[in-house]
Amino acid sequence: PYSAVNFASFEVCKIQMEEHLPDLEHRWVRLIAGAFSGAASCFVCYPLDIVRTRLTVGIATPLRTVSNSAVSRLISSSKILEIWAEILQKEGYRGIYRGLTASLAVAVPTYAVSFTVYGFMKDTLLKTGGVFVNKKNGHLSVVGSLLSGSISGVVSSTLIFPLDVVRKRLQVGGLLKSHGNQGSSILKEIALIYGAEGMRGFYRGLMAEALKVCPMVALTFCSFELIKDALHICLP
């Protein structure tokens with residue numbers, strides 16, 4: 001759902017801007033549309049991101065205080081529902097969106113940069129030609145899409161990585177608070193990381209992130225381009 005909302009909102013925003021602001025340069029259109037798509041996908045899918053983060057760091061615990069037996073059976077059949085129920089019980093509705101501001105601070109510039117860099121690489125490779133262009137339709141080839149996506153992912157993730165570190169720490173803050181931690185704000189978390197680890201703390205895990213993001217973003221953009229070409233052929 002995250003990618004679906006992301007690409008759909010990007011395309012809608014880009015089309016509207018090209019229609020109503022025809023004189024605006026393509027790079028600014030991509031930058032603004034990318035920022036909008038990052039905000040939309042982050043807000044819609046954030047409750048799932050909370051669950052994913054807590055499962056990843058292994059701090060999710062079973063909820064055993066649901067009184068209704070039918071609800072209890074439903075929750076026990078799904079780890080996602082179980083964690084959501086636990087968050088709602090211990091932290092209220094705010095817990096589902098804990099750290100949203102930090103996530104928006106990551107998602108908005110990440111996708112703004114990502115779509116802008118991808119668009120720049122796409123235009124450059126289309127002019128270069130050769131193996132980067134599909135001879136049948138003149139669009140970007142698989143090789144061109146993969147290369148553009150790889151560079152886009154590496155650039156955006158490297159620039160925004162420090163904010164992502166803060167975001168992940170804030171996301172687990174709700175459960176840590178219930179174990180004696182008093183919680184934190186974005187600025188307080190930044191100060192804590194810098195005070196304990198210095199600048200290195202903001203880039204801890206960057207290599208692993210790059211190894212994940214590079215192929216992931218490359219395949220995502222490549223799939224998007226291939227599906228768009230396929231739909232243009234199949235649909236009238």
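Biologist: Leaving aside neighbours within four places in sequence, which residues is Arg-169 in contact with?

Modeller: Contact means heavy atoms within 4.5 Å. By that rule, and with neighbours within four places in sequence left aside, Arg-169 is in contact with Glu-189, Ile-193 and Glu-197. Please note that this is a predicted model: local features need pLDDT of at least 70, side-chain atom pairs count only at pLDDT 80 or more, and totals for chains, interfaces and linings use all residues. Residues are numbered from 1 along each chain as its sequence is written, and side-chain values use heavy atoms, with hydrogens and water left out.

Biologist: In which helix does Arg-169 lie, and is Arg-169 buried, partly exposed or exposed?

Modeller: Helices (H or I, at least four residues) and strands (E, at least two) are DSSP runs, numbered from the N terminus. Arg-169 lies in helix H7, residues 142-171. Buried means under 20% relative accessible area, exposed over 50%, and partly exposed in between (1.4 Å probe, protein chains only). Arg-169 has a relative accessible area of 31%, so it is partly exposed. The C-alpha atoms of Arg-169 and Ile-190 are separated by 9.9 Å, although the two residues are 21 apart along the chain.

Biologist: How does Val-131 count on that scale, as buried or exposed?

Modeller: Val-131 has 58% relative accessibility and therefore counts as exposed. It lies in the loop between H6 and H7. Apart from neighbours within four places in sequence, Val-131 is in contact with Ser-141 and Val-143. Its C-alpha atom is separated from that of Ser-141, 10 residues along the chain, by 7.0 Å.

Biologist: How many helices and strands does the protein have, and what share of its residues is buried?

Modeller: The protein has 10 helices and 0 strands. Buried residues account for 41% of its 236 residues. Of the contacts between residues at least 6 apart in sequence, 72% join residues at least 24 apart.

Biologist: Which residues touch the most other members of the largest nonpolar core?

Modeller: In soluble globular proteins, nonpolar side chains tend to be buried together. A nonpolar core is a set of buried Ala, Val, Leu, Ile, Met, Phe, Trp, Tyr and Cys residues joined through side-chain atoms within 4.5 Å. The largest one here has 18 residues, and Phe-7, Phe-115, Leu-125 and Phe-221 touch the most other members. Two or more residues come from each of helices H1 (2-20), H2 (26-57), H6 (100-128) and H10 (206-234), and H6 gives the most, with 6 residues. Apart from this core lies another, of 9 residues, including Tyr-46 and Ile-96.

Biologist: At what angle do H1 and H6 pack?

Modeller: Two packed helices are described by the angle between their axes and the distance between the axes. Axes are lines fitted to C-alpha atoms, for helices over the stretch in contact, and angles run from 0 to 180 degrees between N-to-C directions. H1 and H6 pack at about 60 degrees, with their axes 13 Å apart. Angles under 35 degrees count as roughly parallel, over 145 as roughly antiparallel, 65 to 115 as roughly perpendicular and the rest as oblique. H1 and H6 are therefore oblique to each other. The residues in contact include Phe-7 and Phe-10 of H1 and Tyr-111 and Phe-115 of H6.

Biologist: Which residues make the contact between H6 and H10?

Modeller: The axes of H6 and H10 come within 13 Å and cross at roughly 65 degrees. Ser-114, Phe-115, Tyr-118 and Lys-122 of H6 meet Val-217, Phe-221 and Glu-225 of H10.
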